Amino acid sequence: MVKEEHHYYSKYPDSQLKVFTISESLRRHLFLFKTTTGIFSFRKIDLGTKILIENMTIPEKKSILLDLGCGYGPIGIVLGYYSHDSEIYFIDSNKRAIWCTKENVKLNLPELKNNMHIFSGDYFESLKNKDIKFDIIYMNPPLRKGKKEFFEIFDVLPFYLKKGGLFEFVIRKKMGAPHVYKYLLDKFKNKIKVKCKRSGFWIFQYSFV
Ligand SMILES: C[S@@+](CC[C@H](N)C(=O)[O-])C[C@H]1O[C@@H](n2cnc3c(N)ncnc32)[C@H](O)[C@@H]1O
C-alpha cells in the first residue's frame, strides 16, 4: 500500500500530536500562540507571515476582514487586536490549525470572541450560503500546492470582495514572486501592485474596483 504523503495542508494531519506555545512580538505587541505538529510553521512564526503582518493594511473603522488559510491564526489575531470593532473571519482546511486558531482567539482576544468567526473548510466553500463580502482579504498562500490553485482564487474574488476591497498577500521571491507579479499584471493591469519588498519577500495588493 502506498502511504499518503502528509503536508501542513492535510485536512487531518497524522503526525504524532504535540502542542507548543510560541510567543512573537508583532506590530509592537507580544502575542502568545498555541501551535501543533502537522500545521504550517508551528515552531516559529514564518518570516513571510511576519513581514505581511508588519506591512498589511489595518482599517481604523469597523470592517469585515478575512484571514484566508489562517493556520494557527496569527494574521487574523493581529487584525482583531488592532481593529477592535471589525468582524474577523478565519478559514483553513487543516483541522489542527482550526483548533489552534480557536485556542489563540481565547488566549489573545477573549473579550472579542463574538467578533471572531472561524471556519474549517476549503477556501470559500463554508461561506457559500452566506451573503458576505469582505473589505480586505489577507493570505500567505500555500504555494507548495502549486500556483494554479492560488491563481484560481482570483476567479472568485469578485464574489467575496466589496467594491474598493483589497486582497493582500505575501510571496517569497525564491518561490516565484516575480513570475506571479508578471502573470497578475498581464491579467489585472493596474489593479495589482507590489506594496513593498523586504528580506526576499514581496507584499502584493490587489484592488477590486
Ligand atoms: C503558508 S500556510 C499560512 C498559514 C498562516 N496564515 C500563517 O501565515 O502562518 C497556508 C495555509 O493554507 C491552508 N490551506 C491550504 N489549502 C487550503 C484550502 N484549500 N482551503 C483552506 N485553507 C487551505 C493550509 O492548511 C495552511 O494553513
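Helices (H or I, at least four residues) and strands (E, at least two) are DSSP runs, numbered from the N terminus. This is a predicted model, in which local features need pLDDT of at least 70 and side-chain atom pairs count only at pLDDT 80 or more, while totals for chains, interfaces and linings use all residues. Residue numbers start from 1 along each chain as its sequence is written.

**View 1. Ile 91 in strand E4.** Let us start with Ile 91, which sits in strand E4 (residues 87–92). Ile 91 has 26 other C-beta atoms within 10 Å and is therefore buried; buried stands for 20 or more other C-beta atoms within 10 Å of a residue's own, exposed for 12 or fewer, and partly exposed for values in between, with C-beta atoms placed from the backbone. Leaving aside neighbours within four places in sequence, Ile 91 is in contact (C-beta atoms, placed from the backbone, within 7 Å) with Leu 66, Leu 68, Cys 70, Phe 119, Gly 121, Tyr 123 and Ser 126. Between the C-alpha atoms of Ile 91 and Glu 125, 34 residues apart along the chain, the separation is 9.6 Å.

**View 2. The largest nonpolar core.** Here we look at a core of 47 residues, the largest nonpolar one, where Leu 52, Leu 66, Ile 137 and Tyr 138 have the most contacts inside it. Strand E7 (residues 161–172) supplies the largest share of this core, six residues. A nonpolar core is a set of buried Ala, Val, Leu, Ile, Met, Phe, Trp, Tyr and Cys residues joined through C-beta atoms within 7 Å. Not counting residues up to four places away in sequence, Leu 66 touches Tyr 89, Ile 91, Phe 134, Ile 137 and Tyr 138.

**View 3. Helices H1 and H2 side by side.** The axes of helix H1 (residues 47–55) and helix H2 (residues 74–82) come within 10 Å and cross at roughly 20 degrees. H1 and H2 are therefore roughly parallel to each other, a label for angles under 35 degrees. The residues making the contact are Thr 49, Leu 52 and Ile 53 of H1 with Pro 74, Ile 75 and Val 78 of H2. Sorted by class, the contact of H1 with H2 has five nonpolar, one polar and no charged residues.

**View 4. What covers H1.** Which residues of H1 are buried? They are Gly 48, Thr 49, Lys 50, Ile 51, Leu 52 and Ile 53. The cover over the buried residues of H1 includes E1, H2, strand E6 (134–139), E7, E8 and strand E9 (201–207).

**View 5. Tyr 82 in helix H2.** Tyr 82 belongs to helix H2. Tyr 82 has 17 C-beta neighbours inside 10 Å, so it counts as partly exposed. Its contacts, leaving aside neighbours within four places in sequence, are with Arg 27 and Ile 58. The C-alpha atoms of Tyr 82 and Glu 103, 21 residues apart along the chain, lie 19 Å from each other.

**View 6. Two loop residues with positive phi.** Most residues other than glycine have a negative phi. Arg 28 has a positive phi, near 70 degrees, and lies in the loop between strand E1 (19–26) and strand E2 (29–36). Arg 28 counts as exposed because it has 7 C-beta neighbours inside 10 Å. Lys 189 has a positive phi near 50 degrees and is found in the loop between helix H5 (177–188) and strand E8 (192–198). With 8 C-beta neighbours inside 10 Å, Lys 189 counts as exposed.

Notes. Two residues are in contact if their C-beta atoms, placed from the backbone, lie within 7 Å. Axes are lines fitted to C-alpha atoms, for helices over the stretch in contact, and angles run from 0 to 180 degrees between N-to-C directions. Angles under 35 degrees count as roughly parallel, over 145 as roughly antiparallel, 65 to 115 as roughly perpendicular and the rest as oblique. Ala, Val, Leu, Ile, Met, Phe, Trp, Tyr, Cys and Pro count as nonpolar, Asp, Glu, Lys and Arg as charged, and the others, Gly among them, as polar.
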